[in-house]
Amino acid sequence: MSTKITVIPGDGIGPDIVKSALEILEKAGCDFEYDYVDAGLTALEKTGELLPQATLDTIAKNAVTLKGPLTTPVGEGFTSINVSLRQHFGLYANLRPVKSFKGTQARYDNVDIITVRENTEGMYSGLGQKVSDDGSEAEAVSKITREGAERIVRFAYELAQREGRKKVTAVHKANILKSTSGLFLKVAREVAEEYPDIESAEMIVDAACMRLVMNPEDFDVIVTTNLFGDILSDLCAGLVGGLGMAPGANIGKDCAIFEAVHGSAPDIAGKNLANPSSVILASIQMLEYLGLPEKAEKITKALADVIESGDRTTRDLGGSHGTTDFTQAVIERL
Ligand code: ATP
Ligand code: MG
């Protein structure tokens with residue numbers, strides 16, 4: 001029986017780049033079946049709901065989802081649909097790998113970093129959001145639990161071990177955020193003791209930003225809390241040529257959602273300009289998750305060759321072609 005995968009085409013550039021990834025999966029010989037469902041603005045327009053129950057049911061049923069970026073309209077009662085999905089399905093680990101591909105416009109050619117972002121707690125827990133009636137004061141609550149910190153740090157070390165990586169750097173701000181970041185760092189140090197074969201480092205987030213820009217080769221696996229992970233992973237995307245090159249996997253106990261790191265890019269939506277590599281790379285993460293490393297490798301090679309040779313690449317990669325030409329160039333190599 002073939003594997004059934006939930007597909008959410010998404011908003012803005014989503015449908016075009018997801019289509020590109022699916023065509024490539026098919027050409028690579030993956031015989032998946034797909035359940036298409038909507039969320040975000042597309043769902044709101046069709047059903048009056050941003051996150052229809054049928055979509056949640058399908059995501060739960062198939063366990064694996066490939067998703068385009070989703071727009072959360074302001075004033076619809078949701079802070080973010082992406083965050084709601086992560087919380088609803090307990091997708092506690094957000095894996096955001098970046099790797100240099102030859103031929104991009106990036107400043108470096110030796111970057112290979114995985115950011116492991118805690119995906120359900122911290123400043124994203126959505127707790128205690130308040131603005132005073134006169135608008136003069138605002139507050140929010142950040143919550144870190146020992147269980148949540150331990151789970152994500154252990155996930156990072158297990159990943160490092162499985163993938164033969166050498167070093168895990170815990171990024172924090174425990175000098176200022178003494179309670180929350182302090183607990184995260186304390187737990188990170190405890191878990192690190194259990195993995196003597198892997199080098200453990202810790203770094204304050206501001207210092208980590210500078211170091212990432214100056215010496216990205218010093219980093220291997222980064223593990224950090226939700227908001228820092230959000231910011232650092234965009235920074236890391238910048239090291240390898242921009243958001244078009246950055247995929248993310250949201251992993252929980254029973255279910256996983258694979259997506260691009262970027263948003264729906266309204267500035268280039270509907271113009272056939274988007275670089276589909278982010279979702280193609282997310283589909284490669286999905287293949288690895290499904291235990292299909294040969295297929296993952298095959299697509300990675302084809303993608304790398306297109307980018308290195310500059311054959312029909314998109315504008316963000318220094319080329320002058322669109323999403324569909326780029327996709328065709330990858331397909332011809334499969
Ligand atoms: P969000 O709030 O949903 O994150 P955003 O305003 O941060 O939205 P993004 O969609 O994350 O917007 O995009 C940021 C910038 O990166 C935009 O200029 C966009 O055009 C560019 N960008 C994003 N994704 C791609 C892509 N796949 N290919 C080319 N450019 C992209
Ligand atoms: Mg963004």
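Predicted model: local features only at pLDDT ≥ 70, side-chain atom pairs only at ≥ 80, totals over all residues.
Me: How far apart are the C-alpha centres of domain 1 and domain 2?
Reply: The domain assignment of the protein chain gives domain 1 as 1-101 + 240-334 and domain 2 as 121-239, with bounds that come from an automatic or database domain assignment. Between the C-alpha centres of domain 1 and domain 2 the separation is 25 Å.

Me: Which strand gives the largest share of the side of domain 1 that touches domain 2?
Reply: The contact between the domains takes 13 residues from domain 1 and 13 residues from domain 2, where two residues are in contact if their C-beta atoms, placed from the backbone, lie within 7 Å. By class, the side of domain 1 that touches domain 2 has nine nonpolar, three polar and one charged residues; here Ala, Val, Leu, Ile, Met, Phe, Trp, Tyr, Cys and Pro count as nonpolar, Asp, Glu, Lys and Arg as charged, and the others, Gly among them, as polar. Helices (H or I, at least four residues) and strands (E, at least two) are DSSP runs, numbered from the N terminus. The largest share of that side, four residues, comes from strand β4 (residues 93-99).

Me: Which residues come nearest to ligand 1?
Reply: A residue is near a molecule if its C-beta atom, placed from the backbone, lies within 6 Å of it. The shell around ligand 1 has six nonpolar, six polar and two charged residues. Of the 14 residues around ligand 1, those that come nearest are Gly 244, His 262, Gly 263, Ala 265 and Asn 275.

Me: What is the phi of Ala 265?
Reply: Ala 265 lies in the loop between β12 (256-260) and α9 (277-289), and it counts as buried because 20 other C-beta atoms lie within 10 Å. Most residues other than glycine have a negative phi. Ala 265 is not a glycine, yet its phi is positive, at about 45 degrees.

Me: Why does Arg 312 count as partly exposed?
Reply: Arg 312 is found in the loop between α10 (293-309) and α11 (323-332), and it has a positive phi of about 60 degrees although it is not a glycine. Arg 312 counts as partly exposed because its C-beta neighbours inside 10 Å number 19.

Me: Is Asn 119 buried or exposed?
Reply: Asn 119 sits in the loop between β5 (112-118) and β6 (122-131). Leaving aside neighbours within four places in sequence, its contacts include Arg 86, Leu 91, Asn 226 and Asn 250. Because Asn 119 has 27 C-beta neighbours inside 10 Å, it counts as buried.

Me: What separates the C-alpha atoms of Pro 9 and Gly 68?
Reply: Pro 9 lies in the loop between β1 (4-8) and α1 (14-27), and it is buried, with 22 other C-beta atoms within 10 Å. Not counting residues up to four places away in sequence, Pro 9 touches Gly 14, Pro 15, Val 18, Tyr 36 and Gly 68. Although Pro 9 and Gly 68 are 59 residues apart along the chain, their C-alpha atoms are separated by 4.9 Å.

Terms used. Residues numbered from 1 in each chain as written. Chains lettered and ligands numbered in written order. Buried ≥ 20, exposed ≤ 12 C-beta atoms within 10 Å, placed from the backbone.
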